[in-house]
Amino acid sequence: MKPRSLPLPALAALTALLGLAHLPAQAIGRLADVTIVDRDTGATLPVHYARGEYWVAGRPGARYAITVRNRLGERVLAVPSVDGVNVLSGETAAWDQRGYVFSPYERYQITGWRKSDSQVAAFEFSHIANSYAARTGRPAHVGVIGVALFREQPPVPLPAPAITPEPYSQRRDNGLGLGRLREEPASPAAAGAAGAPAAPAPSAEAESSARSPSADSVAKAAPMPSAKLGTAHGQRETSVVTHTSFTRLQEQPNEIISIRYDSRENLIASGVIREPIARPYVPPVPRAFPQSDNLSYVPDPR
């Protein structure tokens, strides 16, 4: 009989019920697997489940990546945000903004704030005051990583072209007594679609919008916890992407993945990470005649 694995939400609920706040280094998501990787050590950060949310503990000063693996046999669009900021455009994050397009089953690491088609500024865990969001006046949502996933709208099939025979006088015998057939030209719109070049390879940003960061004025007034962890605008690194088109199946995301993060010390203090309780040390009891206390008779054979 095969063991049946529990889906992640059920596993998380069972873990919380048993008083275990720690989950193994496990991906989150249905349409895509999302994990957070410490790039300096190569370790996938363990997931902690508490108060209905997923958490990871970041190491101050460490570079990290958001690893996304498409689980579907079709393309998906991932719109990523860090600290409430779109990592491609720098806008206050919204669903209808640009993102990365993943081919079927493709895996890719989002390693930083995109600066151009060939460079990013590395994600780096840092003090909240040095986070990109705080330095741009938006500290209210520091401490959360988000990925909004969209499925692709299937292409609309073109109508079959009408086929009519040429006039009898213009037919040419092909040796089999059959006339050559001529296809009627498709409509201009269909012809333009049929003649359009194929989209370039994915792993690229798609779509854009001019959404105004209207929440900035509210975010500027938010207090800044001194010990909280944020994501800094790190060193420039090479990261090449190309552009492609993508039509979303619907306006709202098919799935939203949200992962909170902070330092390990803060997560322990807030009860997200529960340290195992160490048993108190009990010294051995001294015995007056240790050698004599162990008198015995002939033991049984093995």
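**Exercise 1.** Work out what share of the protein's contacts with a separation of 6 or more comes from residues 24 or more positions apart.

*Solution.* Start with the cut-off: a contact means heavy atoms within 4.5 Å. Then take the contacts with a separation of 6 or more; residues 24 or more positions apart account for 76% of them. Keep in mind that this is a predicted model, where local features need pLDDT of at least 70, side-chain atom pairs count only at pLDDT 80 or more, and totals for chains, interfaces and linings use all residues. Residues are numbered from 1 along each chain as its sequence is written, and side-chain values use heavy atoms, with hydrogens and water left out.

**Exercise 2.** Find which strands pair with β4, and say how much of β4 is buried.

*Solution.* Strands are DSSP runs of E, at least two residues, numbered from the N terminus; two of them pair if DSSP finds at least two bridges between them.

- Step one: β4 (residues 64–70) runs antiparallel to β1, with seven bridges, and Val 34 has Val 68 as its bridge partner in β4.
- Step two: four bridges join β4 to β8 (residues 107–110), again antiparallel, and here Val 68 sits opposite Tyr 108.
- Step three: six of the seven residues of β4 are buried, i.e. under 20% relative accessible area with a 1.4 Å probe, protein chains only.

**Exercise 3.** Sort the lining of the second largest cavity by residue class.

*Solution.* Seven lining residues are nonpolar, three are polar and none is charged. Val 34 is one of the lining residues, and strand β1 (residues 32–38) gives the largest share, three residues.

Technical notes:
On a 1 Å grid over the protein atoms alone, a cavity is a set of points where a 1.4 Å probe fits but cannot get out, and a pocket is an open set with protein on both sides within 12 Å along at least five of seven lines; lining residues have an atom within 4 Å of a point. Ala, Val, Leu, Ile, Met, Phe, Trp, Tyr, Cys and Pro count as nonpolar, Asp, Glu, Lys and Arg as charged, and the others, Gly among them, as polar. Buried means under 20% relative accessible area, exposed over 50%, partly exposed in between (1.4 Å probe, protein chains only).
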